[in-house]
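I am opening a notebook on a structure that is new to me, and I want to record what I look up in the order in which I look it up.

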Amino acid sequence: MDDASLAKTTKPLLKWSDAYSVGDPRLDWDHRGLMDVINSLTLDVQGAHLDQEGLRARILALIESQEDHDAREEAILASLNFPGFSEHRQNHVSLESRLKAFVAAPLERSEREDLLDFLKDWFIQHVLVQDMHYKTHILESRERG
Ligand SMILES: [Fe+2]
Ligand SMILES: [Fe+2]
């Protein structure tokens, strides 16, 4: 790939900020980890460092981290009787199946770009929109002790 086409496909990386904090250090830690995984996958895909098997292994590892995080998040939300629990859990399940679709068949170059766009959009949507729905609930529960 020449420099011009590399520049054209380079996507900005995610950058952590306090605005991403959901009020629980364990979940913030998970989110930061997921962000790092997405960024490093982005760099490796753009640098063409991964063959199909390597890419598949990385996506599977990401799915495992995400499922691990979702389980931890759901356990915390259930313990705090978060009223939007069912809907939140449904969002996790639907993401898990969308991610699994990316390992169902080898990914062409354009599909790799789609994957990167999907992951970035998902991260922003998951943390800044969906997870923010429980932030107030977590903070208030903690205040009540
Ligand atoms: Fe979530
Ligand atoms: Fe989350």
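**Entry 1, the whole chain.** I note at the outset that this is a predicted model. I looked up the secondary structure and found six helices and zero strands, so that I can write the order of elements from the N terminus as α-α-α-α-α-α. For the extent of the C-alpha trace I took down about 60 × 30 × 20 Å along the principal axes. The protein has 145 residues, of which 16% count as buried. I also looked at contacts between residues at least 6 apart in sequence, and 79% of these join residues at least 24 apart.

How do the axes of H2 and H3 cross? I read that H2, residues 25–46, and H3, residues 52–79, have axes that come within 10 Å and cross at roughly 165 degrees. Angles over 145 degrees count as roughly antiparallel, and the two helices are therefore roughly antiparallel to each other. The crossing in which H2 passes H3 is left-handed. On the H2 side I listed Arg26, Leu27, Asp30, Gly33, Leu34, Val37 and Leu41, which meet residues of H3 including Arg58, Leu62, His69 and Ile76. Sorted by class, this contact holds six nonpolar, four polar and five charged residues.

Which residues make up the largest nonpolar core? I found six, namely Val22, Leu27, Leu77, Phe82, Val127 and Tyr134. Leu27 is also one of the H2 residues that meet H3. I then followed valine 22, and leaving aside its neighbours within four places in sequence, I found it in contact with Leu27, Asp28, Val127, Asp131, Met132, Tyr134, Lys135 and Ile138.

I located arginine 32 in helix H2. Arginine 32 has 15 other C-beta atoms within 10 Å and is partly exposed. I compared its position with that of leucine 139, which is 107 residues away in sequence and 19 Å away in space, C-alpha to C-alpha.

I placed leucine 107 in the loop between helix H4 (85–101) and helix H5 (109–130). Since a residue counts as buried if 20 or more other C-beta atoms lie within 10 Å, leucine 107, with 19, is partly exposed. Apart from neighbours within four places in sequence, leucine 107 is in contact with Leu55, Phe102, Arg112 and Leu115. From leucine 107 to alanine 78 I noted 29 residues in sequence and 37 Å in space, C-alpha to C-alpha.

Definitions and conventions
Residues are numbered from 1 along each chain as its sequence is written. Chains are lettered from A and ligands numbered from 1 in the order in which they are written. This is a predicted model: local features need pLDDT of at least 70, side-chain atom pairs count only at pLDDT 80 or more; totals for chains, interfaces and linings use all residues. Axes are lines fitted to C-alpha atoms, for helices over the stretch in contact, and angles run from 0 to 180 degrees between N-to-C directions. Helices (H or I, at least four residues) and strands (E, at least two) are DSSP runs, numbered from the N terminus. Angles under 35 degrees count as roughly parallel, over 145 as roughly antiparallel, 65 to 115 as roughly perpendicular and the rest as oblique. A crossing is left-handed if the near helix is turned anticlockwise from the far one by less than a right angle, and right-handed if clockwise. Two residues are in contact if their C-beta atoms, placed from the backbone, lie within 7 Å. Ala, Val, Leu, Ile, Met, Phe, Trp, Tyr, Cys and Pro count as nonpolar, Asp, Glu, Lys and Arg as charged, and the others, Gly among them, as polar. A residue is buried if 20 or more other C-beta atoms lie within 10 Å of its own, exposed if 12 or fewer, and partly exposed in between; C-beta atoms are placed from the backbone. A nonpolar core is a set of buried Ala, Val, Leu, Ile, Met, Phe, Trp, Tyr and Cys residues joined through C-beta atoms within 7 Å.
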